[in-house]
Each structure stands twice: as structure tokens, then as C-alpha cells.
Amino acid sequence: MQTITPTLIQTFDIAGPRYTSYPTADRFVEAFGMEDFVLALQQRKAGIGRTAAPLSLYVHIPFCDSLCYYCACNKIVTKHHERAAQYLQYLEREIDITIDYLGAGKTVSQLHLGGGTPTFLSDDELERLMRMIRQNFQLSAQGEYAIEIDPRTIDEARLQTLANLGFNRLSFGVQDFNPQVQKAVHRMQPFEQVKALMLKAGQIGFQSQNVDLIYGLPMQSSASFARTLEQVIELRPDRIALYAYAHLPERFKAQRRINANLLPDAATKIAMHSQSIARLMEAGYDYIGMDHFALQSDSLAIAKRQGLLQRNFQGYSTQSDCDMLSFGVSAIGKIGSTYSQNAKTLDEYYDALDHGHLPIARGLSLTHDDVVRRAVIMAIMCQGRVDYESIELAYLIQFNSYFAKEVAQLKALETSGMIELTHASMQVTELGWFFVRGIAMVFDKYLQADRARAQFSKII
């Protein structure tokens, strides 16, 4: 592989989206409202579009007991756990209104509870939430039902409760095991605590366990993060999500508590990234792409080998281009060729539901061009390859003509060793995977001005 030089970093370490969707959420408009979302639901109910495919569900639980300084999620830090009961009442209203338009009993093959901290809810509250979901949807026996875990909010008994409720996948928020790093980001959780929970989860029989890590946090070094990686490898999770920390204090108030002078520079971050990829692959993990790793026996790795990998608002997925219904404050969903996002504050979310309205705050109806470009970008992000003929047949275009400007830009990336081009395809190289977001950006027509790029995190 070509050496990653300071010049390469300076050239390609630019701001760019993570492409959990295309167009990205910053392109959503307030002109898209409840009426547009309802129309998409009704079209699905009437059999227009991909109505036979199972649904994916996402439920956002915004509450957290304490503030993690790095966090960029929509969260509400509070010690008042009674607020969860009120939130569940409104979630039930949102689900009921949605079902009025969509119809009950639709098959669900994927459920994800995110946040915030879903385990902020008590056992009884989690049971209530799962009951309202099962009353309105048909959960597939072979489905993936995941919940994000803050290890500080759960014990071994609660793991058994989660299994009894039907969850079969767990995602543990670890970030880093180094005590100095944990102190710098206000999230203390000993390795032994996480180890005990993961061992118990394995004994209970959860199908998959994921660990989230973040590189680029204050006080991290290549050596310290390598030690954390060895501890994670010892735990042997089925999947590992390795995220780059994006320091955007002007957008996320919590990050203003981080001392920017303690953050590793871009060269150190890319060293962490490259060392992590090499070590995890050596330990038996497949590099799924950008920020995900999985054991070769895991369904995510199998989907990657079979060319079936997908990407949605939760990251990489095995589910085939599902419509996603999302519930809760700020939740983002996808129905047909539309995206929608709920109100971002509790007051706005509650007010809409109090008036009998779905809390849609903004969204987007995709154009044909959006759909074509989404297919290309997702092929780059998921398979690292674009076969021109498959795009041409699916969308009735001539690739080199339709994307003449973009193909010209690809020549420069080929010269830099990021991709390999033929007359019929584009292949991301090993080096290119470090900058895959930058490669995908070539096909993003909304990112032609530097002004727009400033809204996103750096690629590295």
C-alpha cells in the first residue's frame, strides 16, 4: 500500500459526510412535513414501491444520567427518571397515529433502540415499550433486535431481562479503556466492569455483541489506544465500530468542555486508524468499511462478502434496503423515496402529538438524480466498487455521459492511488478505504461549495 504522507493527509483530510443517507440530513427542508410523510405511508400501505420488504424500526431514547463531553447525539441529561414515563406516553401516541396511516401488523426484521441511553428506562418501562411495539408490528422470528448499552447503567440481572424482552444484539459504548482518557471525557467505566457484562451476555446467549470505540479523543496516543484495542480483542465482540472523534464545539455544547490542546493531531489519528485496522484484521476481524469490523462468521461480514451490505442511519447493516420507521424526538426515518425527521426538542415533539399530529419537522422527497447518486455513493461506501453497467440498467442512464464531470475528477483520485479505474468500473484501493468518504463525495452534487462542507466532521 502507498505510504500515507503528510501531503496526502493535508490534501484529503477534508470535511465530509458519513453518508448514512444520501442526500444527507443537512439537505432536509422544513417544506417537507406531516402531509408528505403521511402520503409516503399511504403509498406503502396501498402497495406502491417496496411494500413487500420488512420494515426496520428505530426508537430514540434521549435521556442520559450524565454528560459525556464528546457526545454529538440529541440527548437530555437528567437525574429525573420519572421523565421517561411521560416520554413513553408520547411514543405510544406517535406509534398509534403512524399505524392509522400505515396499517397494523407489518413485518419488522430489524429493531434498534438508540439514544441517549436506552437503558435509562427501567425494566418495566422497557417492557412497556416492547409491548406497544409487538401490539402494532409483527416481529420476525429471525429478526435483529438491538439495544445500545451504557455499561454504567446495567448489571448482569438486567441483561437477562433484555434477553427475555426479545433483544438478541447488544452494543456496548466503550470508547476507550484508558482511565486518563475516560476522565478527560467524563465517562469512567473500568475494563473489568465491561468484561463481566460481556461474559454474562455470552452465557445468556445473545447472538451478537458490538463494542463502540472512538479514536481522536483527548489524552489518546497511538500507544494508549493500542492497549485499549488489545483489551477489546480479549473481549472478542462479534462487531467493533471504530469512530473518529469529530471536534465541533461550535455545534455541540458538551464538546466545549474538552481541552482542544489535548486532542491528537491528524497524523496521530490516522496512525491510530491504520494500526487498528491492521491489528483487528490480524485478530480475525474483517474490515467491513470506514468504521465497522466484524468476525468472519458474523452476518455483517457474510453480507460484505456476498455483496449484500447496506448502509442506513445506524451505520452498516445486513438488511436489504428496508424502509425505516423511526420514533421519538429527532428520529430520522426513510419511507420509499422520502426521508423525514422528527422535532428536535421535547417541547416541539410533545406539542405536535398533543394536537394529534405526527411530529415531522423536516424531510426530503428524493428526485431521480438523488436516487441514482445514492446508489453510486452506497456502492462506494458498502462494496468499495461501482460497476457502471449495473447502475445503467437499474436507472436507465449512460454512466460515463451522466457522470462526465465526476469521472474526470476520479482521474485525480486514481493518480493518488485511491481508486483503480477501468472503462466499466471503479474500485476503491486499500489506501482509498482510509479516505472512502472523500471518494463518495465526488458524486455528491450538494457538496460543491466549501461553505457546505464546513457543516461536517473531518474525514480523518
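## Exercises on a predicted model

Asp-238 is found in the loop between helix 8 and strand 8 (239-244); helices (H or I, at least four residues) and strands (E, at least two) are DSSP runs, numbered from the N terminus. This is a predicted model, in which local features need pLDDT of at least 70 and side-chain atom pairs count only at pLDDT 80 or more, while totals for chains, interfaces and linings use all residues. Residues are numbered from 1 along each chain as its sequence is written, and side-chain values use heavy atoms, with hydrogens and water left out.

**Exercise 1.** Find the residues in contact with Asp-238, leaving aside its neighbours within four places in sequence.

*Solution.* Start with the cut-off: contact means heavy atoms within 4.5 Å. Asp-238 then touches Gln-207, Ser-208, Gln-209, Tyr-285, Phe-293, Ala-294, Leu-295 and Asp-298.

**Exercise 2.** Work out how helix 7 and helix 8 are oriented to each other.

*Solution.* Take the axes as lines fitted to C-alpha atoms, for helices over the stretch in contact, with angles running from 0 to 180 degrees between N-to-C directions. Helix 7 (residues 191-204) packs against helix 8 (residues 222-235) at about 20°, and the axes are 10 Å apart. Helix 7 and helix 8 are therefore roughly parallel to each other (angles under 35 degrees count as roughly parallel, over 145 as roughly antiparallel, 65 to 115 as roughly perpendicular and the rest as oblique). Now look at the side chains: helix 7 contributes Phe-191, Val-194, Lys-195 and Met-198 to the contact, and helix 8 contributes Gln-231, Glu-234 and Leu-235.

**Exercise 3.** Tyr-19 and Leu-396 are not glycines, but each has a positive phi. Decide for each whether it is buried or exposed.

*Solution.* Begin with phi, which is about 55° for Tyr-19 and about 55° for Leu-396. Then place them: Tyr-19 is in the loop between helix 1 and helix 2, and Leu-396 is in the loop between helix 13 (388-395) and helix 14 (399-402). Buried means under 20% relative accessible area, exposed over 50%, and partly exposed in between (1.4 Å probe, protein chains only). Tyr-19, at 1% relative accessibility, therefore counts as buried, whereas Leu-396, at 77%, counts as exposed.

**Exercise 4.** Locate the cis peptide bond that joins Tyr-22 and Pro-23.

*Solution.* Check omega for this bond, which is about -10°. Then find Pro-23 in the loop between helix 1 (6-12) and helix 2 (34-46).
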